[in-house]
Amino acid sequence: MTNVAVCSRSFSAHPTLRAELLARYPDARFNDAGKSLDGAELVDFIGDAEKAIIALETLDAPVITQFSKLKIISKYGVGLDKIDLRALADAGIRLGWTPGVNRRSVAELVISLAISLLRRIPFATSEVKAGRWKQYSGRLLSAQKVGIVGCGHVGKELVRLLQPFGCTVLTNDPVEYTDFYQEYNIQPVSLQHLITEADVISLHVPLDNSTRNLFSQDKLQKMKPGSILINTARGGIVDEEALLDALKQGPLGAAAFDVFASEPMYDDRLLSLPNFIATPHIGGSSVEAILAMGRAAIDGLDNSVETSIFLK
């Protein structure tokens, strides 16, 4: 029997995914202790397994070089920023990965966050709870100018969901999706143009050396006065110290973040702001997306590829 180790806590706790994996791999081991595995604990848990399912665990070179029998890593989720792909390729470990499997879940969260901020729902709720009844005005998402930074799987899904709202959509991506842009009447623009023109900006790029602190103080200060910034991609794309200043002093009107440079995030300076929404990395955590990601991870155990193809 092939030995499979499931590192992910949420996968391990999901009865349907457990049953479906055990149907294929009866000897699979699960993280039933619910521990966040890292470093030596991660190495010990995987042990002599030939295949493993991981989620948000960090697989860096010092960890990867300690695996004795591991042949395949399958990703529960879509982000690869916590995996040293070069070290994985050098170790001859294959990767099972299905991009975009949670795109609808993330895109719907973006829509809900945008509407919440535009209509000032969190602020209005807190006012009512404090005993103050006043009908605050807000803005419609309809007809707003929406900037999408990164037009991959999630970015495209967001474009589709925005269609009934009649928004003008600006995109910035190094890849030219010409046919898609023409189909949905999208304007690909420079990042500088997008930052200064968009009423709502949503981030959908991976975290790497080219995107780390992409939204620095300089870019945040150039955003349209009263604009909204939404990050459901990866923490570290936005300089959070600069974000704090931009929310307190302008030009940002509001922001909603599902991801942070360090998680869990308990920075009261941000969390106490009335124009900031924080969610605990739930973009891909809809019931439907969890099942889709889990089943993709199970499939990845049998349909992996050479990790070297992911290296740029």
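Predicted model: local features only at pLDDT ≥ 70, side-chain atom pairs only at ≥ 80, totals over all residues.
1. Which residues form the contact of helix 6 with helix 8? From helix 6 come Arg103, Arg104, Val106, Ala107, Glu108, Val110 and Ile111, and from helix 8 His153, Val154, Glu157, Leu158, Leu161 and Leu162. By class, the residues of this contact comprise eight nonpolar, one polar and four charged.

2. Asn275 occupies the loop between helix 13 (268–271) and strand 12 (276–278). Is Asn275 buried or exposed? Its relative accessibility is 15%, and because the cut-off for burial is under 20%, Asn275 counts as buried. The side chain of Asn275 reaches the backbone oxygen of Leu247 at 3.1 Å. Apart from neighbours within four places in sequence, the contacts of Asn275 are Leu117, Leu247, Leu252, Gly253, Ala254 and Ala255.

3. Gly300 belongs to helix 14 (residues 287–302). With a relative accessible area of 4%, Gly300 is buried. When neighbours within four places in sequence are set aside, Gly300 is in contact with Ile72, Ser74 and Gly96. The C-alpha atoms of Gly300 and Lys51 are separated by 9.9 Å, although these residues stand 249 residues apart along the chain.

4. Two points of backbone geometry concern proline. Most peptide bonds are trans. The bond between Gly250 and Pro251, however, is cis, with omega about 10°. Pro251 is placed in the loop between helix 12 (240–249) and strand 11 (254–257). A cis peptide bond also joins Glu263 to Pro264, where omega is about 0°. Pro264 sits in the loop between strand 11 and helix 13.

5. Most residues other than glycine have a negative phi. Ala143 has a positive phi, near 70°, and is found in the loop between helix 7 (121–129) and strand 6 (145–149). At 58% relative accessibility, Ala143 counts as exposed.

6. Asn213 likewise has a positive phi, near 55°. The loop that holds Asn213 runs between strand 9 (200–203) and helix 11 (217–221). Asn213 counts as partly exposed, its relative accessibility being 39%.

Definitions and conventions: Residues numbered from 1 in each chain as written. Heavy atoms only, no water. Helix = DSSP H or I, 4+ residues; strand = E, 2+ residues; numbered from the N terminus. Buried < 20%, exposed > 50% of the residue type's maximum accessible area, 1.4 Å probe, protein only. Polar contact = N/O pair within 3.5 Å; in protein donor to acceptor, adjacent residues only side chain to side chain. Contact = heavy atoms within 4.5 Å. Nonpolar A, V, L, I, M, F, W, Y, C, P; charged D, E, K, R; others polar.
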